[in-house]
Amino acid sequence: MTDVFIVCNTIHELGGVQRWAQRVGELLAERGHRVHLVGVFAVRQPHELVGTGPDGEPVAPRYQTHVIHPDRYGARPRPALLSRIANPLAYARHRRWQAVQRSGAKRLRALFETASDPGDAVVICAQVHAMEWVAPAAPRSLPVIAMSHESYAAANASSRGRRVRRLYRTAARFVSLTEDDAREWTRQGMNNAAAIPNPLPIPALGGADPGARVVIAAGRLSQEKGFDLLLDAWRAASGNRPGWTLRIYGSGPQQQALREQAEALTAGAGVDFAGQTGDIAAALVQGSIFVSASRAEGFPMSLLEAMACALPCVAFDCAPGVHELVRDGVNGLLVPPGNTEALAAALGRLMDDAGERATMGKAALESVSAYAPDRIVERWERMISLVLR
Amino acid sequence: MPSETAPPDVSGTAPDVTVVVIVYNDAARLPAAVDSVLRQTLRNLEVVIVDDCSTDATERVATRLAAEHERVRYLRLAQNSGGCSAPRNAGIDAARGTYVMFLDSDDTLDMHACLNMLQAAEEHDADLVSGVCVRVHHNRSGLTESVPWWPEMYAEQRVLDGVSQLPDLLRDTLSTNKCYRRAFLNGHSLNGHSLNGHGLDGHGLDGHALRFPVGYHYEDLLFSAKAYLAADRIVLIPQTVYFWNVVVRAAQKSISNRRDEISNVRDRIAIHRLIDEAIAAWLDGGGDPEVKIAKDAKFIEHDLVLYLRDLPYQEPAYIAEFTGMFRDYLRTLRPEAFERCPHRAAVAGAYLLLEDDWPNLVTVCEHLLDRTRESAKALERTRITSDLVEHDGRVYWCDAHLDTQPGRAALDVTGLGWSHVPYSRANLASRLTGMRALGDGQVRIEGETVNPLGRIPRDADLSASFEIRPVARAVRKYRVKAAEVRHEGGRILWAAQLNPTKTVRPVGIVDQVWEVRLRLTAGRLGTAESKITALRLPDGAHDPHDLHDLHDKPLTFPARPLLTRAVGDEWVAAINHRGLFTLNLVARNPIARAVTAPFSQSGTSARSARVLRIAQRLYRRAQIVNDPRIKREVYTRLLTRLPLRRGSVVFESHMGGSYSDSPKYIYEALRRSGYRGKVYWSYAKSSAGFPKDATLVRRNSWAYLRALARAEFWVDNQGFPQWIRKRRVTTYIQTWHGTALKRMGVNAPQVRAMLEADRTRLAKAVGRFDHFLVRSEYDIRTLVEAFELRAEPLRVGYPRNDLLLAPDRDERAAQLRQRLDIPEGRRVLLYAPTFRNTSGAFEPGFDLAEFAGRFGERLLLLVRAHYLNHVRVPQEAGDAIRDVSTYPDITELMLVADGLLTDYSSVMFDYALLDRPLLFFAPDARTYAQDRGTYFDLAQRAPGPFTTGQDELFAAVEGFAGADAGADDAYAQARKRFAHEFGEYETGTAAEQVVARFFGGRGGAR
């Protein structure tokens, strides 16, 4: 029975990292560990955290929650080098911010000290920004497992790549979501890199009907998820295949633009914006193909969910997380990112062949067993006991 | 018996890992080594310090460490063993951990090493886990350079069931980057090949347990080999585990660096014989013979090479004994090792050593000393030290021994690529042969340069200059013209007169060692640069006025450093450890000696270390000036507010890569017009080849940023750095660099796949263009729309193509053919393939040698690779194929070519203006069009035969080779249509039109 502190930037939200933290927190707590979910900042409209009871009903979560700065909603960025020198005010603000960070670290350290056995406690730091609090707060005797929830490439496209290298270098382990990302980090000199994927969020029950003439896509309607590219590809794929529907679940900033783009398609292209859904499994089993046109992904949960419902996936090969899940020609089809002609061709190939949809769907269902929650939580327990040695 | 100062811990559970730290007289560095273990992320470990009976403060320091940390124990051997074996063995005996690792007191472990090792060992139930060892070279100025050991072997995690699965593992002979199961070292659970496991007491060298051999240097070699042979499961992990600190020019060389002592040679050979015995026993037990071959090949390419490098610099007695011992040992190696060893120069060396051919062996040694050999990926760039000979299309090291098959096999160095390296990239050995003081501070140096395969013809127009520059960082360099240079006896002889005192002004301290480079120009072949080497300083290297000691007194000259004579006052001619001829700045006067003392030592003494650290810190602080973030802010906030410099123009071509393309032709037209505004050219790496009458600024330098910020005009064909903001008062003329066949901008998958932020950045970058040169309405439909340009299209065509439409183009072509030395009576075909997704070597998809054999009589093929690729022209092609990839101006090549062969390169659109035959060869047509996407189907619209296979291509080339120049052919109509559709605005006056519009009327004003 170990004290596990999972530290995120915020916790009362439904972003990818928070969902992961809530899920893994639940799983570890079920195994009997004392789990603490720690948010560094508060959230303006907090989402209530719930656990799942034996029959799937919502119950109180098995983990404890803590917020370090209950009255703050985000970070103040460090002013740039020159303005620190040129603008004394910015510098003063920066110094004040540093004082806030120091007091936060102190509070976090006090929280760590509540562990029942100081020799049997670990910290999982899920985001690099939170590491600015964890690093000064965790004593040497308390091992820290650091995490990056995005691909190596995505981290390095922002300042996070540099911060990961700086702040995570001394963590006992540095966990990425895919083996490819861990390998890339190792190549860059992160000698503590390892990988544990996300657990499957829904039970792997299959259920999709390969005969249905529905293609499903799901995700936030933002530029990053590439629905504009998907609609381009759909125009070509649906052109001479009447009777097919593209059903898109989700909402987001591009909703209006995408609706307009869909309406501009020739009549009968059959695009259906189905909005957000509470029961993704029920939505997925309506279709026979899942498509993802994302421009960037960390570890794509939507693909994992679709595969758990036995849907073959067609996707842009935009990140290691995608090709770790989808093996081209086995349980789905991969195409070069941005190449909408190729995406249309891949969709067409599956739309024309119900037999292939069935075999690939079956293969997809089989390949998600590695992500079953008990398998993933076992890997976490092994890692926790390793860093405690 | 070792004495133990700390009582054995019996309370806790056994540690997972024991790290045995051995130390001898190293009190200063021991705490750092132990600390690197105590700071491990694995905590359940112990440290056993084994002291080889030190005589310094080691005992006190180690005892204190053991007292302070309960996980540290200290053992002291009763008497000094003089090596690493006895202490490590004592450490194994004292260890209580499940696994054992070794650490030397001057090295450190990576903080995750033990955890990584333990995890791999447990996960795979391994006897032996091995990780990456990084050699950290600490040089004189206190800077470090990290070199991983055998990185290619450790690229990925590998799990091996025994060494047979990876015989090359024997190359990694270190014992320290590894983690051993203790039971394995003590003879338990071993396989039956060489060590049979019974009993629990695996003490000493009783044949059952694995221990280091006492009484030898290079104990690691035997120990690691035996461990590999005995291990049932070996895991290699890609993580760095061990930092091996190598102090360059340490006051006292460490054991493994004392190669010049003959006893080390004896020890090394003896150890290798012991390893061979162990392998023989293992083979008797059913082992794989490949392991022995791999081990022998490693001996040739590693051990032999280590000694060969400085062999010519040794004493005659050493050389005699060395050659005897090595010859005897080399005879015991498996013949397959000579065949398979990838290091062909080492094999040639081994063979010449066996044949006792000293003169040719020396040239091998000279080649091995070249540093390029160790770092360069391109072998062809390594120093060529022999004149080489060619027989039946193969290249051999020398013309001796070629009458026997083994001789031919060993001396075949075709694979080094020296026969087809362009002259300007060749690294030709240039040796100092004479040196003489002439009085008045003048010295005459003479030498020779090899002429491999007679590359430099007898009638070549030779000229040479010498460049004197610091070995470390060439901030200052000086050039001296050669006094004479001539072709003689197959080689090139040269001489120069120089006055070091006057010519060379060193700064002092930072640049104490200077090397001399020869720049040898041979007519149209270009200029080759090489460092000057010397086997020994010539007998004449003394001062004629100082006759009392002819041989030992080196030639010296007064020196005048910029930091005054307080940092050095004399130049001494010398040969450095790389065999290079150098001029060393030395301090003779007492002040200079005192000032330079802290810098000249190895950096380990406390005082010099402090001085160096402060100097380094200051230097690093100063480097912030060149931080890109600082540059960016200063540029945006400060430089762009400076007043505009009226009439100033910044030119750039291919991101500073060369002086070429349309910007070049606009620049030339500008000069012809007598323009007097300030003109800059940007260069990326070297300013060679850029116009001397412009101000040259290095890309991204401060001068470059200042020029851009204040310029009235920017002229470029690709793009200035994306982050650089253009002022509204600046006019940006984007000439672009080719009509598009493959999809660009928003039509290209790569751009469509970009995230919002990157898209915005790209849009902003192209939004800077004010004017965009186009060749046709097609460009407007493709490029202008794809980049969503707001720039005004200039319908004038490309300035680079003016030459193709010039009225005197035929005369110019004739002149160029003469200058390029193109033989009469052969048609010239220019082969210009486009870029493929990977840079580096490019495979044309047809056999160049076969092409040469079939068309060599009638055609000359000029191969022009994309600037990110290069093509290997085989030796057999002879003079039928010429690599012109480094020729700066492709337009001139187009002019001399009678026809063009390409795949998808935009060259086709330009070349069509000449109305000469076009041939297409695209073996990857289908995949290329699919991956990149094209605006039209080239196969349908190609104005010439479009081929995808070699036979088809050769048939088309046959047609081209047979046709008369200028004859009307089947594609004449298609070609005209093609030229017009894609180049309707080309009139041959593009440069003039651009100059007239933007720079006209101001020429005389300033």
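**Entry 1: a strand of chain B**

In which sense do β7(B) and strand β8 of chain B pair, and over how many bridges? I looked this up in the model, which is a predicted one. The pairing of β7(B) with β8 (residues 144–148) is antiparallel, and I noted 5 bridges. For one position in this pair I wrote down the partners: B:His137 is bridged to B:Glu145 in β8(B).

I then followed β7(B), residues 128–138, to strand β10 of chain B.

Next I checked strand β11 of chain B, residues 234–247. This strand runs parallel to β7(B), and 10 bridges join them. B:Val132 has its bridge partner in β11(B), namely B:Thr240. As a reminder to myself before looking at side chains: in a regular strand they alternate between the two faces of the sheet.

**Entry 2: chain B as a whole**

I counted the elements of chain B and got 33 helices and 41 strands. The chain has 1006 residues, of which 41% are buried. I also looked at sequence separation in chain B: of the contacts with a separation of 6 or more, 70% are between residues 24 or more positions apart.

**Entry 3: chain A as a whole**

For chain A my list holds 15 helices and 15 strands. Along the principal axes, the C-alpha atoms of chain A fill a box of roughly 65 × 55 × 40 Å.

I noted that buried residues make up 46% of the 389 residues in this chain. For contacts in chain A with a separation of 6 or more, residues 24 or more positions apart account for 70%.

**Entry 4: domains of chain A**

How is chain A divided into domains? I found domain 1 in two segments, 3–198 and 372–387, and domain 2 at 214–371. Taken over C-alpha atoms, the centres of domain 1 and domain 2 of chain A are separated by 31 Å.

I then listed the contact between these domains: domain 1 of chain A gives 15 residues and domain 2 of chain A gives 11 residues. On the domain 1 side, the elements that give two or more residues are α7 (179–187) and α15 (373–387) of chain A. The largest share of that side comes from α7(A), with 3 residues. I sorted the domain 1 side by class and found 5 nonpolar, 5 polar and 5 charged residues.

**Entry 5: where chain A touches chain B**

How many residues does the contact take from each of chain A and chain B? My tally is 24 residues from chain A and 26 residues from chain B. On the chain A side I looked for elements that give two or more residues, and these are α2 (81–86) and α13 (340–351) of chain A. Helix α13(A) gives the largest share of this side, 3 residues. By class, the side of chain A that touches chain B has 12 nonpolar residues, 8 polar and 4 charged.

Notes: Residues numbered from 1 in each chain as written. Chains lettered and ligands numbered in written order. Predicted model: local features only at pLDDT ≥ 70, side-chain atom pairs only at ≥ 80, totals over all residues. Helix = DSSP H or I, 4+ residues; strand = E, 2+ residues; numbered from the N terminus. Buried ≥ 20, exposed ≤ 12 C-beta atoms within 10 Å, placed from the backbone. Contact = placed C-beta atoms within 7 Å. Nonpolar A, V, L, I, M, F, W, Y, C, P; charged D, E, K, R; others polar. Domains from an automatic or database assignment. Pairing = 2+ DSSP bridges.
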